Amino acid sequence: MLVDLHNHTKLCNHAVGEVDEYIEAAIKKGIKYFGFSDHAPMDFDPKYRMSFEQMSLYENWVKEAKEKYSKNIEILLAYEVDYLANHMDERVLKSDIDYLIGSVHFLNDWGFDNPEFIGRYAQKDIDEIWVEYFSNIEAMAKSALFDIVGHIDLIKVFKFLPKKLNINDLVTAPLKAIKESDMTLEINMSGLRKPIAQPYPSKEILTKAKELNIDITFGSDAHDPTQVGLFAKEIVDMAKSVGYKRCVYYKNRKKEYLNF
Ligand SMILES: [Zn+2]
Ligand SMILES: [Zn+2]
């Protein structure tokens, strides 16, 4: 895996390890473009993210590492931003970074991927939950605020799958919106560490993305240096198996292509 654009730092309060340890792990795995995309600050759910005051500290850590390791690896600076109506902040959206990952981790106030709140799945119709999730993904893509779609089918994390609806149908409109916004779909390996035990997206969704010629990239979504590049072979093989030959990284919010 040459490109890994989704990685966290301890500033988000739920990751461990030093910036240098993530980078040294990436170099060992043969990664050439390694992006930090820590959880951006937001005036909601502050416990699981850096504060606005810490943005400059975070950006300095990454910029210093970029210099320090410039001979061995290219380090990129980014944020993973929660797409949540009324909580979008210009300080993040206008920040001077290489790219922004747009992710949906909340349905209204419900952090559906957090095991602390897993009980809420039993309180609502599962098909409705899936519809609501993908309408958020579609709105996120249509907002055109972000470069990369984070873990597009994260809603499968705990293996609560739709009962009546077909996932392929649910993703059709979101994928079209992603294509129209010229966004990149990440293949995120963190799902392989979760109850669903699959990458995000599934191979079925990735096949549909390929039919639409949507660009892809790769992400460890590491919250620990030991997670960098874990399952890299699995996700690169999956991308190749559906016909992908190139992936994307971003510099100053501009797409660059790399064959893999
Ligand atoms: Zn996280
Ligand atoms: Zn995420």
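Strands (E, at least two residues) and helices (H or I, at least four) are DSSP runs, numbered from the N terminus. The structure is a predicted model, where local features need pLDDT of at least 70, side-chain atom pairs count only at pLDDT 80 or more, and totals for chains, interfaces and linings use all residues. Residues are numbered from 1 along each chain as its sequence is written, and side-chain values use heavy atoms, with hydrogens and water left out.

Now look at how E4 meets its neighbours. E4 and E7 (residues 148-149) pair in the parallel sense over two bridges; two strands pair if DSSP finds at least two bridges between them. E3 (residues 74-82) also pairs with E4 in the parallel sense, over five bridges, and here Ile101 is the bridge partner of Glu80.

Step back to see the whole sheet. Seven strands form an open sheet with parallel pairing, in the order E1-E2-E3-E4-E7-E8-E9. Strand E1 (3-4) and strand E9 (215-219) stand at the edges with a single partner strand each, so one side of each is left without a neighbour in the sheet.

How many residues of E4 (residues 99-103) are buried? Five of its five are, where buried means under 20% relative accessible area, exposed means over 50%, and partly exposed lies in between (1.4 Å probe, protein chains only). Both faces are covered: Tyr99, Ile101 and Ser103 lie on one side, and Leu100 and Gly102 on the other.

Next, follow Glu80 in strand E3. Glu80 is buried yet has no salt bridge, and Arg49, the nearest side chain of opposite charge, is 8.1 Å away. A salt bridge is a side-chain nitrogen of Lys or Arg within 4 Å of a carboxyl oxygen of Asp or Glu; for charge, Lys and Arg count as positive and Asp and Glu as negative, while His and the chain ends are not counted. The side chains of Glu80 and Ser103 are joined by a polar contact of 2.7 Å. A polar contact is a pair of N or O atoms within 3.5 Å; within protein, one must be able to donate a hydrogen and the other to accept it, and residues adjacent in sequence count only if both atoms are side-chain atoms.

Asp82 is found in strand E3 too. Why does Asp82 count as buried? Because its relative accessibility is 2%. The side chain of Asp82 makes a polar contact of 3.0 Å with the side chain of Arg49.

Technical notes. Chains lettered and ligands numbered in written order.
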